[in-house]
Amino acid sequence: MIVWHPHGFITWVPFFIAGRYALDAQPCGEHWFPVVAPVLFRVPIFSEMLIILGARRVDKKVIDKMLARGDSIAIQPGGVKEQAQSSEKQEQAFFPARLGFVRMAIRHGVDLLPAYFFGENQLYKKVEGFEWLSKLINKTTGMTLPIVTSRFGIPMGGLLPIPTPIHTRYGRPVPVGPPEPDPSDERVEEVFLKYLAELRRLFDEHAKDCLPYDVAQRGLRIVRLDGKPVPEDIR
């Protein structure tokens, strides 16, 4: 299970670059399937492009079926919560309260492979003060869409990102052990903390070479939506 970060404003890198990795079987040697928000399959043209790339819906039954038959998938745990808080000034990684991606990995005995797309957050600049508009868009369409400017300062120019070096870096696989049909909360927490430690190592190893100096200096902000503290050695 490839777990990628960050979500970014519109997931430009995962769509246009990582989609090629999936089709080329990088880095795991076999084609993998990105799983995305179901609402995206309702967007004309965009939905057809997702299908071509082999994308699937983020749905427990769908993912369980895929993992059970041995498919490799790529998932973004922060989802819309992380997208809404995206910033070109601060790298962030949000994690859901139930840690469903960890539970699924343990249930099927598949390793977790952290991936970081350095530069994703710098492709656009957030326009402050328009959070109300993003909330309105979400309420009326079900989609989360931060208000940003793109190349030449063009508002919402999704296909005209700011020229930015993109660096894809993979961490070390985090083993989850043998399959457990119903992993305990303690087991999920144990594996999750190992994952966080590897994600932190991956980020710290490459941030200074792959991000603007000031952004790298601020480090990676880890947010647990269950409110639990992040160990000091991982923060």
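This is a predicted model: local features need pLDDT of at least 70, side-chain atom pairs count only at pLDDT 80 or more; totals for chains, interfaces and linings use all residues.
In general, the strands of a sheet pair through backbone hydrogen bonds and may run parallel or antiparallel. Strand E1 runs parallel to E6, to which it is joined by 4 bridges. E1 also runs parallel to E4, and here the number of bridges is 2. Val 3 stands opposite Pro 114 in E6, and its bridge partner in E4 is Ile 75. Trp 4 has Ala 115 of E6 as its bridge partner.

The side chains of a regular strand alternate between the two faces of the sheet. In E1, Ile 2 and Trp 4 point one way, whereas Val 3 and His 5 point the other way. All four of these residues are buried.

Helix H1 covers residues 12-23 and has 12 residues. The distance from its first C-alpha to its last is 17 Å, close to the 16 Å expected at 1.5 Å a residue. The helix is mostly covered, with 9 of its 12 residues buried. After H1 comes Ala 25, which has a positive phi, near 65 degrees.

Helix H3 spans residues 60-68, and its buried residues include Val 62, Ile 63, Asp 64, Met 66 and Leu 67. The elements covering these buried residues include strands E2, E3 (56-57) and E4 (72-75), together with helix H5. At the start of H3, a side-chain oxygen of Asp 59 comes to within 3.0 Å of the backbone nitrogen of Lys 61. The helix is followed by Gly 70, whose phi is positive, near 90 degrees.

Helix H5 comprises residues 100-108 and contains Arg 103. Although arginine is the residue type here, Arg 103 counts as buried, at 11% relative accessibility. A polar atom of its side chain lies 2.9 Å from the backbone oxygen of Arg 98. Leaving aside residues up to four places away in sequence, Arg 103 touches Arg 98, Pro 183, Asp 185 and Val 188.

Lys 126 belongs to strand E7, which consists of residues 125-126. Lys 126 is buried because its relative accessible area is 18%, and a residue counts as buried under 20%. Residues up to four places away in sequence are again left out of its contacts, which include Phe 9, Glu 88, Glu 131, Ile 147 and Val 148. Ala 84, Gln 85 and Ser 86 are also among the residues that Lys 126 touches. The backbone oxygen of Ala 84 lies 3.4 Å from a polar atom of the Lys 126 side chain. Leu 160 is 34 residues from Lys 126 along the chain, and the C-alpha atoms of the two are separated by 14 Å.

The structure holds 9 aromatic pairs. One of them joins Tyr 116 and Phe 118, with 4.5 Å between the ring centres and 40 degrees between the planes, and the pair is tilted. Both partners are buried: the relative accessible area is 0% for Tyr 116, and Phe 118 likewise has 0% relative accessibility. Elsewhere, Phe 95, Phe 101, Phe 192 and Tyr 195 form one aromatic cluster.

A disulfide is a covalent bond between the sulfur atoms of two cysteines. A search of the whole structure finds 0 disulfides. Cys 28 is partly exposed, with a relative accessible area of 37%, whereas Cys 210 counts as buried, at 8% relative accessibility.

Technical notes: Residues are numbered from 1 along each chain as its sequence is written. Side-chain values use heavy atoms; hydrogens and water are left out. A disulfide is a pair of cysteine sulfur atoms within 2.5 Å. Buried means under 20% relative accessible area, exposed over 50%, partly exposed in between (1.4 Å probe, protein chains only). Rings of Phe, Tyr and Trp (its six-membered ring) pair if their centres lie within 6.5 Å; planes under 30 degrees apart count as stacked, over 60 as edge-to-face and the rest as tilted. The expected span of a helix is 1.5 Å times one less than its number of residues. A polar contact is a pair of N or O atoms within 3.5 Å; within protein, one must be able to donate a hydrogen and the other to accept it, and residues adjacent in sequence count only if both atoms are side-chain atoms. Contact means heavy atoms within 4.5 Å. Two strands pair if DSSP finds at least two bridges between them.
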